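Thanks for coming, everyone. Please take a look at the model on the screen before I start.

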Amino acid sequence: MLGAGALACVMLAPRAWDADVMLQAARRHGAQAVSGARALQSVLGALQGRAETDKLAAINDFFNRRIVFATDREVWAEEDYWASPLEMLGKGRGDCEDYVIGKYFSLLLADVPMAKLRLVYVQARVGGPDGEQVAHMVLAYYAAPGAEPLILDNLLGEIRTATHRPDLTPVFSFNSEGLWRGVGAQGAGDPVARLSRWRDVLAKAHAEGFQ
Amino acid sequence: MSLIRQIWLLLLGTLAIALLASVSINVLSARETLQTQLRLKNADNATSLALVLSQLKGQHDLMEMTAAAQFDTGFYRRIRFIGADGKVVFEREARPQPMQAPAWFASWVAIDSEPGVAQVSDGWRALGSVEVISQSTYALDELWRGSLQDTLALAAVGACAALLALVGVARIRRPLEATVEQADSLREGEYRIVPEPKVPELRRLARAMNAMVERLRVVFESQAAHVESLRRAASCDALTGVSNRVHFLAQLRAAVQREDGHSAGGLVLLRILKLTELNQSLGRESTDRLIVSVADTLAAYAGRSDGVFVGRLNGSDFAVVLPFGSVANETALAMVALLRAAFAGMPGMVAVAAGVVETRHGIALAELMAAADLALAQAECAGPFSVESASVSGATWAGAGEHRWREQLHAALQEGRARLAEYPVVDAQRRVIHLECPLRLQLDENGPFEVAAHWLPLAVRSHLSPRADERALALALAAIAQDGRQRSVNLSPASLQDSGFAARVRQLLVASPQAAPLIWLEINETAAADQFQLMCELSRQVRACGAKFGLEHAGERLSRIEQLFDAGLDYVKLDAAVTLGVANAVGRAAFVKGLVMMLHGLSLQVIAEGVVDAQDARTLWDAGVDGITGPWVGTTGAAVQT
């Protein structure tokens with residue numbers, strides 16, 4: 001117990017993103033993941049000290065350009081699969097959650113505070129005002145508490161404020177606030193972590209060097 | 001620390017460690033499970049609550065009510081809503097619940113209910129987050145109960161294991177103790193055979209020890225046989241097997257001079273008349289047969305009671321010593337009648353005559369023999385099969401009636417009119433080994449202190465000998481406490497018959513732990529021959545207290561006591577009848593030497609009693625005795641006090 005506790009303390013200590021750990025992890029997902037990780041790292045490197053809006057734009061562009069949309073069934077042969085950033089980069093494909101997850105963890109690495117980011121379940125109307133309603137997920141950025149968020153979406157290359165996205169109806173939002181502790185302590189080996197998709201991804205991302 | 005105790009400590013230590021370890025592991029793993037469950041519950045409930053609150057369009061009252069409803073109907077310690085600006089908007093908190101588990105347990109296992117956090121929003125507007133913490137005292141109580149049950153169950157298992165261990169240890173312990181006891185008794189001079197145990201290592205050990213004991217026994221037996229043949233050669237008449245003249249006279253002298261001998265007795269001299277003529281008419285072989293049949297008749301008579309002994313003084317003369325007064329004449333008449341009947345079928349000239357004399361304690365041997373010879377001569381004159389008696393000058397010791405005697409004896413013991421005489425026993429360097437302390441009783445209030453010969457027979461008849469012996473022992477212990485010198489006390493064989501005697505002797509010894517190791521207790525050789533088991537029991541009790549135990553007046557029967565091998569004795573005092581006159585008889589000296597060697601072989605100390613002259617003493621030292629007592633020791637006057 002003591003050992004695990006000490007380990008937890010080390011894990012909890014704030015640390016800069018670890019390029020080596022990420023590359024190491026990327027090698028397990030193939031060459032595409034390695035090149036993806038290097039590209040992400042160069043983007044992150046360039047973002048140091050820049051304004052948060054720049055960071056949002058750069059990361060949003062990075063994933064929207066690099067990843068081709070594909071359903072989980074096509075990529076993972078599963079109904080619903082939450083891929084970690086490197087898994088997605090390795091495949092080069094992903095669905096809306098995978099984009100959001102990738103952007104979320106990358107922005108955290110770019111020193112955007114967790115409290116400003118939320119992953120949001122939305123209903124999206126596709127194909128005009130009378131279009132079909134589909135379940136979708138986007139990443140919301142709150143510049144200040146209670147402010148109107150900016151929406152990072154894979155359906156639209158441009159970042160817009162929420163009011164400029166009438167096609168999206170938010171349902172529920174969450175982030176990893178209050179969860180890191182548990183994930184840090186048990187890691188991907190914790191059987192409980194596997195019970196929840198979100199926790200599973202948190203653990204995987206953590207092992208891949210994302211904060 | 002003893003082997004068995006070490007095994008026990010090891011077993012109990014192992015059990016205790018196993019118990020502690022398994023209880024701790026159980027508690028900690030249960031704690032882990034409970035903590036995980038709590039964490040999951042907190043997280044899930046926080047998410048569910050956040051989902052509901054996010055549907056309430058940011059209506060503050062409704063949100064607070066919903067959260068309060070969840071709090072009131074669920075099992076929460078705290079539900080808190082934190083606004084987007086980080087300030088607490090509302091909060092519900094329960095009072096801490098009383099715990100069943102003790103505080104030390106709570107602080108040891110320290111279950112923390114990790115808060116579950118989820119984000120609440122209204123549309124795109126982030127409202128803040130909810131934080132949910134469930135009650136955890138119930139988990140702690142549950143853990144406490146579980147731990148108690150675990151401990152009980154494991155303690156029960158441990159008790160079963162300890163029981164099994166008890167059986168196992170007992171299985172090793174019994175043979176181990178038996179073997180250790182055998183080793184101990186070997187050191188004490190007892191040679192025992194133990195049953196072979198089932199444990200292989202111990203079995204080999206026990207087998208080896210048994211084999212050694214057996215070998216020693218064989219050696220002892222052959223030595224005993226050798227000594228017995230030496231004894232026969234030295235002290236028995238070659239033709240008849242009864243004592244020869246020298247030995248008989250030594251026996252007689254020892255009997256009348258010994259302090260604890262008999263106060264009165266009788267001597268019968270019996271002669272086969274006209275033996276020379278018989279020899280000529282019947283022939284040597286028939287004459288020898290006749291002599292042997294006379295000896296056998298007398299020996300058979302002697303065998304009937306203790307203290308009677310027979311000797312052949314010369315070709316035609318036999319002598320019988322009786323340990324009781326006033327019966328000699330009667331006995332002689334009976335013997336003569338018996339022989340007359342036996343000779344009835346033989347030619348008329350075979351006849352015997354007997355002379356009788358009453359003896360008393362302390363009488364001079366020459367005087368006694370002269371009187372007996374006179375009586376025999378008178379009988380011979382009186383004709384075949386006649387019996388004549390003579391008396392020895394000097395007053396015989398004749399006290400008052402037996403009843404009065406007994407009262408006097410009782411009173412003397414009761415009132416403590418008793419004292420111990422002290423005769424030194426010295427070793428070859430004249431150092432005192434111990435003081436022999438025979439008991440003297442003052443029977444008449446102003447009279448002299450009498451030696452045992454005067455009161456012991458009566459004491460035995462009145463069953464007072466145990467009390468006399470205990471008194472002697474008590475006096476000796478008191479004397480040792482005063483001067484710290486070793487003392488020996490003789491016990492009467494009759495005391496063995498008293499079932500409480502051994503226990504009381506032990507009590508006396510235990511009560512004086514300082515003096516007990518300086519005490520030497522001795523008992524007549526006849527006790528070893530006739531009451532062997534009782535004697536062994538007494539010996540065990542006495543030696544357990546550190547005192548020494550031995551035989552006195554020994555010699556005659558020693559080589560014929562088979563169990564002497566495992567009697568458990570410390571020393572043997574050789575009777576004056578064995579030691580008297582050894583200087584002048586090569587055969588007797590050889591016997592004593594063989595006897596001493598045999599006894600030394602059994603790790604017994606050997607002390608010669610009743611040594612009178614310096615020549616005998618020198619021969620005895622040469623024979624290897626460890627100590628000498630008797631008049632000679634007093635005369636040398638060179639006893640060194642140690």
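A word on the source. This is a predicted model, where local features need pLDDT of at least 70, side-chain atom pairs count only at pLDDT 80 or more, and totals for chains, interfaces and linings use all residues. Residues are numbered from 1 along each chain as its sequence is written, while chains are lettered from A and ligands numbered from 1 in the order in which they are written.

Cores first. A nonpolar core here is a set of buried Ala, Val, Leu, Ile, Met, Phe, Trp, Tyr and Cys residues joined through C-beta atoms within 7 Å. Buried means 20 or more other C-beta atoms within 10 Å of a residue's own; exposed means 12 or fewer; partly exposed is in between, with C-beta atoms placed from the backbone.

The largest nonpolar core has 128 residues. Which of them touch the most other members? They are B:Val268, B:Ala354, B:Ile519, B:Val572 and B:Val592. Helix α18 of chain B, residues 586-601, gives the largest share, seven residues. Helices (H or I, at least four residues) and strands (E, at least two) are DSSP runs, numbered from the N terminus. Domain 2 (264-390) and domain 3 (402-636) of chain B both contribute, so this core lies between them. Those bounds come from an automatic or database domain assignment.

Now the two chains. Contact means C-beta atoms, placed from the backbone, within 7 Å. On that basis, 18 residues of chain A meet 19 residues of chain B. On the chain A side, strand β7 (residues 168-174) supplies the largest share, four residues.

Next, helix α14 of chain B, residues 501-511. Its buried residues are B:Phe501, B:Ala502, B:Val505 and B:Leu509. Why are they on the same side of α14(B)? Because they cover an arc of only 100 degrees around the axis, taking directions from the helix axis to the C-beta atoms. They pack against α13 (465-483), β16 (519-524) and α16 (532-544) of chain B.

Last, two loop residues. A:Asp111 has phi near 70 degrees, a positive value in a residue other than glycine. A:Asp111 sits between α7 (96-109) and β3 (117-126) of chain A. B:Arg430 is not a glycine either, and its phi is positive, about 65 degrees. The loop of B:Arg430 runs between β11 (423-426) and β12 (432-436) of chain B.

Terms used: Contact = placed C-beta atoms within 7 Å.
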